[in-house]
Amino acid sequence: MARQERALRTRRLILEAAASVFDEFGYEGATIGEVVARAGVTRGAVYFHFASKRELAQGVIEAQYASEAVPERACKLQEFVDTGMVVTHLIPTDPMLSAGVRLSVDQGADGSLGVDAAPGWIARLERLLVAAGERGELLPHVVPADTAALMTASWVGVQLQSQRFTGRADLAVRVATLYRHLMPSVAVPGVLACLDLAADRGARVVAEMAAAAGGDGTAENDSTSGFRREP
């Protein structure tokens, strides 16, 4: 048991180091050597857990979905909004999430890698939209799969713009603006009027998650994030 726990801790350490390397250098620029140096482990330890750089990148992507999502709401469209706003709040300080975005849009010349965070987020959003439709929250024309894909693509674009122009300083404001423009075409009027689309929504939900987990809300990269670390 102790050996298994050590192996899990080592794997997590490697993934965190890899996330910081991919986030900084992109897929093409990242090297196993840099991951080894940042993790403080041997090259053999890295290859024990991950056979290649591609597997390491895939591990970073999958680590985003290891734990629970945002708190469940009676209104599924609020959950839909909360999912994007929590990621928005966490991504400037969470290399795992930030690396996932970069790996999705920056894979060099090799388009066959198949390392992409987008399908996971699209699937999560689609499930929420399907549930919203079952509760009568969606306008009749809304196709959950299409809306989930559009929202994911739009969010990535907004994030890239914010990163380029302000170093993500205005990311929450930009994403809140995106939701204010998107949700009227998705939600029935009665639900739309009740949605919290404020720019600080992600920060407040993260604080709620931290309180539920017994934390103080200050360590946003620990298990309270709900997107990164396993419980």
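Me: What makes the 38 residues a nonpolar core, and which of them touch the most other members?
Reply: In this predicted model, a nonpolar core is a set of buried Ala, Val, Leu, Ile, Met, Phe, Trp, Tyr and Cys residues joined through side-chain atoms within 4.5 Å, where buried means under 20% relative accessible area, exposed over 50%, and partly exposed in between (1.4 Å probe, protein chains only). The largest such core has 38 residues, of which Leu77, Phe80, Met151, Trp155, Tyr179, Met183 and Val186 touch the most other members. Two or more residues come from each of α5 (76-90), α6 (95-105), α7 (118-134), α8, α9 and α11 (201-212), these helices being DSSP runs (H or I, at least four residues; strands are E, at least two) numbered from the N terminus. The largest share, seven residues, belongs to α5.

Residues are numbered from 1 along each chain as its sequence is written. Local features need pLDDT of at least 70 and side-chain atom pairs count only at pLDDT 80 or more, whereas totals for chains, interfaces and linings use all residues, and side-chain values use heavy atoms, with hydrogens and water left out.

Me: How do you know that the length of α11 agrees with its number of residues?
Reply: The expected span of a helix is 1.5 Å times one less than its number of residues, so the twelve residues of α11 should span 16 Å, and its end C-alpha atoms are 17 Å apart, which agrees. The buried residues of α11 are Arg201, Gly202, Val205, Val206, Met209 and Ala210, and they pack against α5. Just after α11, Gly214 takes a positive phi of about 90°.

Me: Why is Arg168 called buried, and what is its relative accessible area?
Reply: Arg168 has a relative accessible area of 11%, and therefore counts as buried. Arg168 lies in the loop between α8 (144-166) and α9 (171-182), and its phi is near 70°, a positive value in a residue other than glycine. Most residues other than glycine have a negative phi.

Definitions and conventions
Contact means heavy atoms within 4.5 Å.
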